[in-house]
Amino acid sequence: MNARTTRTLAAALSLTAALAISGCSSESDGKTADATPKLSVSGAFMPEPVDDKMAGAFMVITNDSKTPDKLTGLTSPLSDDLQIHETKDQKMRQVASLDVPANGRLSLERGGSHVMLMGLKSKPKVGDKVKVELKFAKADPITIELDVKDRTYTGQSSNAH
C-alpha cells in the first residue's frame, strides 16, 4: 500500500467508527421506552360532597421509574372544572401541575396537595364511583375510579388529624 491509500483507508475507517458511535448514542437521547415514567395510582377516593358546588379528590401517584413526571390536568364526567391545588404554609392555591418524582410518589391528601372538582353535575353518594382521567407531561393518561367515602374518611395515605 502506498501512503495515499493508507490515508484514505484510515479516513474511511475513522468515518465508519464515528457513524457507528453516533448511531449508538442516538438511541439514548431520552426518547426510549425506558424514559417513559411508569406511574400507578392507589388509594383514590372522594369524600361525599356536602353539596353540588365542589368536591375534593385524594390519591397516591407512584412513579416506579428513573424519569420524573408532572400531573398536568384531569377530566371527569362529573365536572367540567377540575383543578390541581397545592397547600404550602397552610395556604391553598391552584397550580398548573404537581411533580411526580422519579422513584417516588405524589401524595394528594387532606391538608396537602389535592384535586378539586368544581361545579358538580350531580352529587355522588357514599359507595358511588367517580371516573377521573389523570393527564401527565410525559406518561400516558391514567383513568381511575374515585371511591366515594364518608365525609370524615381520611384515607390510608393521609397524615391529617
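Here are a few notes on the fold and on two residues, His85 and Arg151.

1. Ground rules first: this is a predicted model, with local features needing pLDDT of at least 70, side-chain atom pairs counting only at pLDDT 80 or more, and totals for chains, interfaces and linings using all residues. Residues are numbered from 1 along each chain as its sequence is written, and side-chain values use heavy atoms, leaving out hydrogens and water.

2. The protein chain has one helix and ten strands, where helices (H or I, at least four residues) and strands (E, at least two) are DSSP runs numbered from the N terminus. The order from that end is α-β-β-β-β-β-β-β-β-β-β. Of the chain's contacts (heavy atoms within 4.5 Å) between residues at least 6 apart in sequence, 72% join residues at least 24 apart.

3. His85 sits in strand E4, residues 81-88. His85 has 7% relative accessibility, so it counts as buried (under 20% relative accessible area; exposed is over 50%, partly exposed in between; 1.4 Å probe, protein chains only). Beyond four places in sequence, the contacts of His85 include Met92, Leu98 and His114.

4. Now Arg151, in the segment after strand E10 (142-149). Arg151 is partly exposed, at 38% relative accessible area. Setting aside neighbours within four places in sequence, Arg151 is in contact with Pro47, Glu48, Pro49, Val50, Arg110 and Lys123. With Glu48, a polar atom of the Arg151 side chain lies 3.2 Å from the backbone oxygen.

Key: Polar contact = N/O pair within 3.5 Å; in protein donor to acceptor, adjacent residues only side chain to side chain.
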